[in-house]
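Please keep the sequence and the coordinates at hand while reading.

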Amino acid sequence: MLGPQSSLVMYDEEFQRISQLLEKLLRESNSKVIFLVDKNGQLIAASGETANLDTTSLASLTAGNIAATGGLAKLIGEKEFSILFHEGEKDNIHISIVGGRVILVVIFDQRSSLGLVRLRVKKASNDLATVFEDLARRSQEQSSSSSSSSPFAEITDDDIDNLFN
Amino acid sequence: MSFINYASREINCKIVYYGPGLCGKTTNLQFIYDKTANDAKGKMISLATETERTLFFDFLPLALGEIRGFKTRFHLYTVPGQVFYDASRKLILKGVDGVVFVADSQEERFDANIESLENLRDNLEEQGFDLDKIPFVIQFNKRDLPNATPVEELSKLLNERSVPELEACATTGEGVFETLKAIAKLVLTDLKKGG
Ligand SMILES: Nc1nc2c(ncn2[C@@H]2O[C@H](COP(=O)(O)OP(=O)(O)OP(=O)(O)O)[C@@H](O)[C@H]2O)c(=O)[nH]1
Ligand SMILES: [Mg+2]
């Protein structure tokens with residue numbers, strides 16, 4: 001789909017669709033927080049009670065977790081473990097891979113259950129995968145139509161130097 | 001692999017600090033963390049052993065400011081330098097946008113630097129990257145120590161590609177921000193080319 005060197009690009013329309021899907025999943029699975037992370041650890045979107053949550057750290061550790069278990073999987077001849085589940089005293093984390101590329105994280109407590117979360121995640125994953133396919137198509141179109149449309153095509157050395165003042 | 005988000009007008013880039021065990025990668029990040037204003041940094045995460053050796057990675061998210069209306073965020077990672085953590089090093093390199101190679105200037109780490117640089121090349125290749133093409137800078141760290149190899153010698157040995165090289169003493173912070181700035185500049189310039 002996308003080579004290792006190409007950027008992940010997010011546009012308004014897909015972002016809205018993703019946010020809506022996450023909201024829906026949050027409601028239907030009775031969970032507390034849901035977030036979507038790129039496999040490299042960048043937060044893509046979040047919904048639910050995120051106010052007191054360090055989502056940047058969560059994103060990075062989730063990606064590290066998936067990367068580490070992916071490494072384990074390869075060692076025993078599996079492609080990857082597509083679902084991870086961590087059970088805590090109050091809160092639980094359900095982690096799954098969507099469309100081979102992004103990571104869906106659901107945090108829930110006793111108001112929900114593993115069975116319900118698993119069921120709802122399955123449906124939502126398919127819908128999310130579709131959005132990411134559209135997104136990949138759109139980035140491809142954009143990059144092949146006009147390479148200079150990037151907002152960064154015009155950055156100057158001064159712009160970069162100014163970042164460090 | 002950078003992440004350009006038109007919805008939130010943000011751009012995220014991943015920078016990895018690589019180098020032999022104890023060369024000062026974590027110390028670089030710690031200094032940046034200590035000297036950065038609270039509103040420009042997130043929590044620094046260190047997955048380390050009880051003796052403070054990096055076990056999986058250090059992570060420090062930085063928000064540097066805006067370029068053309070886009071917030072620029074840099075995610076800094078260090079790898080564990082000890083030889084036997086190679087599997088973890090490979091994982092951290094996934095989706096990297098730029099690499100800082102931290103060399104340990106001490107004479108007795110001469111071979112360790114070369115080995116680590118070769119290891120970097122191999123591991124990048126496995127991820128589909130070419131060390132001769134990606135944004136790359138070299139830091140000669142521990143310049144304060146009496147047994148430091150002359151810079152010219154290190155440069156000849158480690159810097160075939162003539163990428164930007166910087167002298168540093170990460171414990172006092174000398175050269176640390178200069179290094180970060182050098183790699184950030186290369187990464188952003190790369191982005192400009194539509195990387
Ligand atoms: N004298 C001197 N000591 C340094 C310098 N930079 C780092 N150190 C010391 O070197 C030791 C190792 O530093 P770290 O930053 O933990 O090394 P690292 O590269 O992260 O090591 P690993 O996590 O094992 O890969 C620490 O005791 C640091 O204080 C320097 O510029 N000069
Ligand atoms: Mg370290």
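**Helix packing and burial**

B:Phe110, B:Asn113, B:Ile114 and B:Leu117 of α3(B) meet B:Glu153, B:Leu154, B:Leu157 and B:Leu158 of α4(B), a contact being a pair of heavy atoms within 4.5 Å. Helices (H or I, at least four residues) and strands (E, at least two) are DSSP runs, numbered from the N terminus. The model is a predicted one, in which local features need pLDDT of at least 70 and side-chain atom pairs count only at pLDDT 80 or more, while totals for chains, interfaces and linings use all residues. Residues are numbered from 1 along each chain as its sequence is written, chains are lettered from A and ligands numbered from 1 in the order in which they are written, and side-chain values use heavy atoms, with hydrogens and water left out.

Two packed helices are described by the angle between their axes and the distance between the axes. For α3(B) and α4(B), the axes come within 11 Å and cross at roughly 30 degrees; axes are lines fitted to C-alpha atoms, for helices over the stretch in contact, and angles run from 0 to 180 degrees between N-to-C directions. The two helices α3(B) and α4(B) are therefore roughly parallel to each other. In this classification, angles under 35 degrees count as roughly parallel, over 145 as roughly antiparallel, 65 to 115 as roughly perpendicular and the rest as oblique. The crossing of α3(B) past α4(B) is right-handed, where right-handed means that the near helix is turned clockwise from the far one by less than a right angle, and left-handed that it is turned anticlockwise.

Helix α3 of chain B comprises the 17 residues 110-126, which at 1.5 Å a residue should span 24 Å; the end C-alpha atoms are 25 Å apart, in agreement with that figure. The expected span is 1.5 Å times one less than the number of residues. Which residues of α3(B) are buried? They are B:Ala112, B:Asn113, B:Ser116, B:Leu117, B:Asn119, B:Leu120, B:Asn123 and B:Leu124. These residues cover an arc of only 160 degrees around the axis, which puts them on the same side of α3(B); the arc is that of the directions from the helix axis to the C-beta atoms. Buried means under 20% relative accessible area, exposed over 50% and partly exposed in between (1.4 Å probe, protein chains only). An α-helix has 3.6 residues a turn, so residues three or four places apart point the same way. On the other side of α3(B), the residues B:Asp111, B:Glu115, B:Glu118, B:Glu125 and B:Glu126 are exposed. The cover over the buried residues of α3(B) includes β2 (10-18), α2 (86-92), β6 (98-104), β7 (136-141) and α4 (151-158) of chain B. After α3(B) comes B:Gly128, with a positive phi near 85 degrees.

The axes of α1 (residues 25-35) and α5 (residues 176-192) of chain B come within 10 Å and cross at roughly 95 degrees. That angle makes α1(B) roughly perpendicular to α5(B). Here B:Asn28, B:Phe31, B:Ile32 and B:Lys35 of α1(B) meet B:Val176, B:Phe177 and B:Leu180 of α5(B).

B:Lys142, in the loop between β7 and α4, counts as buried at 18% relative accessibility. Leaving aside neighbours within four places in sequence, the contacts of B:Lys142 include B:Asp104, B:Ala148 and B:Cys169. B:Asn12 is placed in strand β2 and counts as buried at 4% relative accessibility. With the neighbours of B:Asn12 within four places in sequence left aside, its contacts include A:Gln42 of chain A as well as B:Arg73 and B:Asp97.

Chain A has four helices and six strands, in the order β-α-β-β-α-β-β-β-α-α along the sequence. Of its 165 residues, 45% count as buried. In helix α1(A), the buried residues are A:Glu14, A:Phe15, A:Ile18, A:Leu21, A:Leu22, A:Leu25, A:Leu26 and A:Ser29. Seen down the axis, these fall within an arc of 140 degrees, so they line one face of α1(A). The face turned away from the buried side carries the exposed residues A:Gln20 and A:Arg27.
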